[in-house]
Amino acid sequence: MAGFELISDEGYRFDGRKPSELRRVRCNMGVFTQADGSAYIEQGNTKVLAAIYGPHEASNNMRSKVCLDKCFINCEFSQAMFSSAERKKRSRGDRKGKDMSAHIKQTFEAAIRTQLYPRSQIDIYLQVLHSDGSLYCACVNAATLALIDAGIAMKDYVCACSASLTKETSLIDINHVEELAGCAEFSAAIMPKLDQIIYSELNGRIHQDELGQLVDAVTSGCKDIFAVIDRFVRGRLEETASYFTHS
Amino acid sequence: MSNITIRLPSTRRTQNQYETGNSYLVTPGDVITEDTDYMRGHGTYCTGDADDRLYSSVAGVVERINKLICVRALKSRYTGEVGDIVVGRVKEVQQKRWKIETNSRLDSILQLSSVNLPGGELRRRSATDELNMRSYLNEGDLISAEVQQVNVDGILSLHTRSLRYGKLSQGCLVIVSPSLIKRRKNHIHNLSCGASIILANNGYIWIYTTQHSSQTEEGDGGFIISNESIPIEDREIICRLRNCIKCLAKRSVVLYDTSILYAYEASTSYKVKQLLDDEVCDEIVNKTIYLLQQANVGNNEY
């Protein structure tokens with residue numbers, strides 16, 4: 001890390017943010033007409049598309065995984081070749097893709113009310129168009145918006161954020177450069193209104209005493225993201241609900 | 001070269017000129033009420049334990065009917081009710097039934113005993129009938145049917161025991177969200193603009209030419225397809241209707257025969273393919289909503 005400081009002397013990160021500042025979040029719902037629900041989210045430069053199909057009858061190759069009392073969630077994560085700095089062809093079933101799919105599936109199994117859809121299947125398709133750090137978080141936020149768009153019953157929103165610790169200050173919403181800098185990165189997904197953490201992941205090592213600070217930082221980051229997403233969803237609801245009540 | 005249309009790159013915010021009224025909008029995780037008197041309907045849940053509050057599980061409008069609270073999402077898969085008309089595609093031909101895909105949570109079932117045999121006979125289905133199932137309905141065929149029964153697990157049992165239902169031949173299918181189709185007495189209409197329409201409750205809308213000749217004799221059972229050629233004017237009417245419906249669906253306007261007719265009338269000043277433009281779409285939808293509001297003010301007919 002020679003000559004590279006994550007936080008400058010004035011307290012700014014290298015992209016100009018304060019340590020507790022999120023990147024700019026822009027989102028849109030209903031981007032695909034073919035899917036039951038879809039969403040697009042941009043967190044800074046990280047751009048993710050999510051499409052939801054379901055709940056529907058389990059497809060032939062997933063028939064063995066059907067549960068009689070709840071729905072089965074199938075998640076597929078894929079990164080476009082042009083999403084990273086180096087153009088790299090990633091196959092569908094590679095290690096990172098499978099890992100990410102498994103984590104996101106686990107996250108949403110806790111949040112979706114699966115007992116309402118027995119014997120069905122819900123597909124979550126995620127496509128990363130531009131990757132600049134906090135991939136898991138952007139994917140979870142995009143999938144939440146898409147699930148809300150599809151009208152699938154959930155206990156609460158699922159908002160995810162990442163944080164890192166450097167020189168006793170926690171940095172929220174890590175981008176790619178900060179990821180590479182080598183500090184431990186902590187990501188978590190929470191249900192903001194119910195105040196529950198449903199998924200957490202730590203890359204790297206931290207001291208036990210630092211964990212509390214990181215968890216607080218991530219929780220506040222998630223709540224900030226929730227504020228942005230909720231405002232957008234309510235705006236959308238108001239726009240479409242007005243026509244809905246027209247008889 | 002003279003027909004180039006270029007759109008401005010600005011993001012168009014749709015003007016919401018129509019009041020939301022008193023609709024109570026909620027998002028997942030919102031507390032709807034702390035009162036324990038209410039019964040939970042669709043779209044709500046309780047966490048149990050010591051928490052008595054009623055939470056919403058979808059993003060939508062809260063509907064309160066006496067003591068029942070439910071939240072209706074703006075978009076959802078079709079949940080069937082007995083007596084609904086559905087349009088579906090045959091997915092599989094199984095032993096004594098067909099599996100029909102109807103945009104619902106699980107595929108619907110059409111039993112062999114629930115269809116009319118050609119010739120209109122009433123008899124027990126024999127093994128020959130079973131072997132000839134594919135000649136009646138094959139994979140990929142589109143049919144219109146009525147929901148006979150909703151099973152415990154949510155699977156719909158359909159029937160086509162009327163000459164109004166059966167295999168659909170020449171026409172256009174438009175797929176919209178089921179929540180946009182208003183439940184009314186009649187779902188099969190012969191529109192005054194010259195085409196007929198089936199507004200199925202599962203969101204599949206079938207537009208076809210009005211059958212003038214009484215080609216459905218007593219015994220045909222609804223499985224004979226007419227392959228006569230349709231003249232170009234009828235095709236244009238069908239295309240125009242399809243584009244109008246797509247415009248209305250894009251702006252989440254409830255679809256029923258009156259709203260579709262208003263949209264059709266508003267679209268006559270444009271060419272059929274111009275209806276695919278966003279600006280033209282907005283204009284038509286605004287005119288339709290205006291006419292609907294006028295009609296509502298005039299009479300409170302439901």
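Two residues are in contact here when they have heavy atoms within 4.5 Å, and by that rule the meeting of the two chains takes 36 residues from chain A and 48 residues from chain B. This is a predicted model, in which local features need pLDDT of at least 70, side-chain atom pairs count only at pLDDT 80 or more, and totals for chains, interfaces and linings use all residues. Residues are numbered from 1 along each chain as its sequence is written, chains are lettered from A in the order in which they are written, and side-chain values use heavy atoms, with hydrogens and water left out.

Together, chain A and chain B bury about 3,700 Å², 55% of it on carbon and sulfur atoms; buried area is the accessible area (1.4 Å probe) that two parts lose on being put together, summed over both. Five salt bridges cross this interface, each a side-chain nitrogen of Lys or Arg within 4 Å of a carboxyl oxygen of Asp or Glu, and one of them joins B:Arg77 to A:Asp36 at 2.8 Å, N to O.

On the side of chain A that touches chain B, β3 (46-57), α2 (135-150) and α4 (208-244) each supply at least two residues, and α4(A) gives the most, with 11 residues. Such helices (H or I, at least four residues) and strands (E, at least two) are DSSP runs, numbered from the N terminus.

Within chain B, strands pair if DSSP finds at least two bridges between them. Strand β8 (residues 85-93) runs antiparallel to β11 (residues 142-150), joined by five bridges, and B:Val87 stands opposite B:Ser144.
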